[in-house]
Each structure stands twice: as C-alpha cells, then as structure tokens.
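Open your viewer and switch to a cartoon view. We will take a short walk, one selection at a time.

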Amino acid sequence: MSDLTRLLDRATGGDQQSKNDLFADMYQDLRRLASARLKRSARVVLLDTTSLVHESYLRFLKAGALQAQDRVRFLAYAARVMRSVVIDFVRESQAERRGGGALHVTLDTGVADSVTTGQTEVMKVSEALDALAKTDARLVQLIEMKYFAGYSERDIAECLGTSERSLRREWQKARLLLHAALK
C-alpha cells in the first residue's frame, strides 16, 4: 500500500491532520488541475489558480467526509469540487450584476448580449449536467473526469471499472445527451 493510499484511508476516516497532509502532498497536482480548469473558462472567471485550489480545499474541509480510495478518484473528486467553485463564482457575479444597489444603465442589445456570453454558457453547461445527473449520474462523472479533470480514457476506465471500449461508447452517449440538453 503506497503512502498516498494510506493517507487517503486516514483522511476518508476523518483524520484532520491526514486531510492537511493529503492537501500538502497533492498541492501541485491540484494546481495543475485548477490551471487546466481555468484555461477553459479564463474569459468567464476572474479566479486564479491558487484561489481556486484554496477555495476547493476549504470545501473539502467543510464537506467533512472525503470520498476517495486512490489518486485518480481523489483528483476526480477534486475536479467536481472545482467545478462547483467555478459555478458558484459565476452565479455570484451574475447575481451582483443584476441588483444589489448598482446603478442601472441601459445598454444596446449587442453589448448586453456579448457581456454575459461566457457566463451564460458556463451556467447552461452546469444546468445540462445537473439535468443529466438525474437520468445518468455515471455519464456526468465521466464528463467531469474527462473534460474537467483531463484524465485519459485508460485512467477513467480503471476508475469506473469498465473497459476503454465501453468507455468510448459511454463518452459518445454523454456528448450526444449534453449537446441535446444545450440546445
């Protein structure tokens, strides 16, 4: 059993020091994951890599129980948490823009449409994933691992306990359903 696996076992058992040690050991991997996530939404989110990693860590602590048996599953869980941080950040920025004592200015429709395009797109993807989760949570997990975490098909297949060929079929299905939900 590797040191990381033992650390994950203790952290999932609720040991606070193990959670801190796990975060310290995985910090560079979490930064790479956050950086990849932010590259996809740089025009939408005004977070930096460090802020996203630290906010995710705070959510790990707040959630209480950590659910990961190995490195791949831990990073998949981290990708899911980072997605929720980005979505919450977009929701918060949109909420502030629609009220809160701000001076309301009339813009022409061309400018108004272009301002929220990226944020609207992120929200649509999030809503589509939430709707898809009601019918097939496994496909959402696959999308999170492939798109948000950037895992290879081999890593995802190993984590989900399936063959790579079956995974490719599921990926096609997930893409089709997500595309349909976004229309």
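The expected span of a helix is 1.5 Å times one less than its number of residues. Keep that rule at hand. Note too that this is a predicted model.

**Stop 1: helix α7.** Select residues 137-148, which form α7. This helix has twelve residues. From its first C-alpha to its last it reaches 15 Å, close to the 16 Å expected. Which residues of α7 are buried? They are Leu-139, Val-140, Leu-142, Ile-143, Glu-144, Met-145 and Phe-148. Now step just past the end of α7 and click Gly-150, where phi is positive, about 75°.

**Stop 2: the partner, α8.** Show side chains next. On the α7 side, find Arg-138, Gln-141, Leu-142, Met-145 and Lys-146. They meet Glu-153, Ile-156, Cys-159 and Leu-160 of α8. By class, this contact holds five nonpolar, one polar and three charged residues.

**Stop 3: the core.** Stay on Met-145. In the largest nonpolar core, of 46 residues, Met-145 is among those with the most contacts, along with Leu-22, Leu-30, Phe-74 and Tyr-151. Several helices, including α7 and α8, each supply at least two residues of this core. Which helix gives the largest share? Select α4, residues 71-97: eleven core residues come from there.

**Stop 4: Phe-74.** Setting aside neighbours within four places in sequence, Phe-74 contacts Leu-8, Leu-22, Met-26, Leu-30, Phe-60, Leu-66 and Ala-68.

Note on methods: Residues are numbered from 1 along each chain as its sequence is written. This is a predicted model: local features need pLDDT of at least 70, side-chain atom pairs count only at pLDDT 80 or more; totals for chains, interfaces and linings use all residues. Side-chain values use heavy atoms; hydrogens and water are left out. Axes are lines fitted to C-alpha atoms, for helices over the stretch in contact, and angles run from 0 to 180 degrees between N-to-C directions. Helices (H or I, at least four residues) and strands (E, at least two) are DSSP runs, numbered from the N terminus. Contact means heavy atoms within 4.5 Å. Ala, Val, Leu, Ile, Met, Phe, Trp, Tyr, Cys and Pro count as nonpolar, Asp, Glu, Lys and Arg as charged, and the others, Gly among them, as polar. Buried means under 20% relative accessible area, exposed over 50%, partly exposed in between (1.4 Å probe, protein chains only). A nonpolar core is a set of buried Ala, Val, Leu, Ile, Met, Phe, Trp, Tyr and Cys residues joined through side-chain atoms within 4.5 Å.
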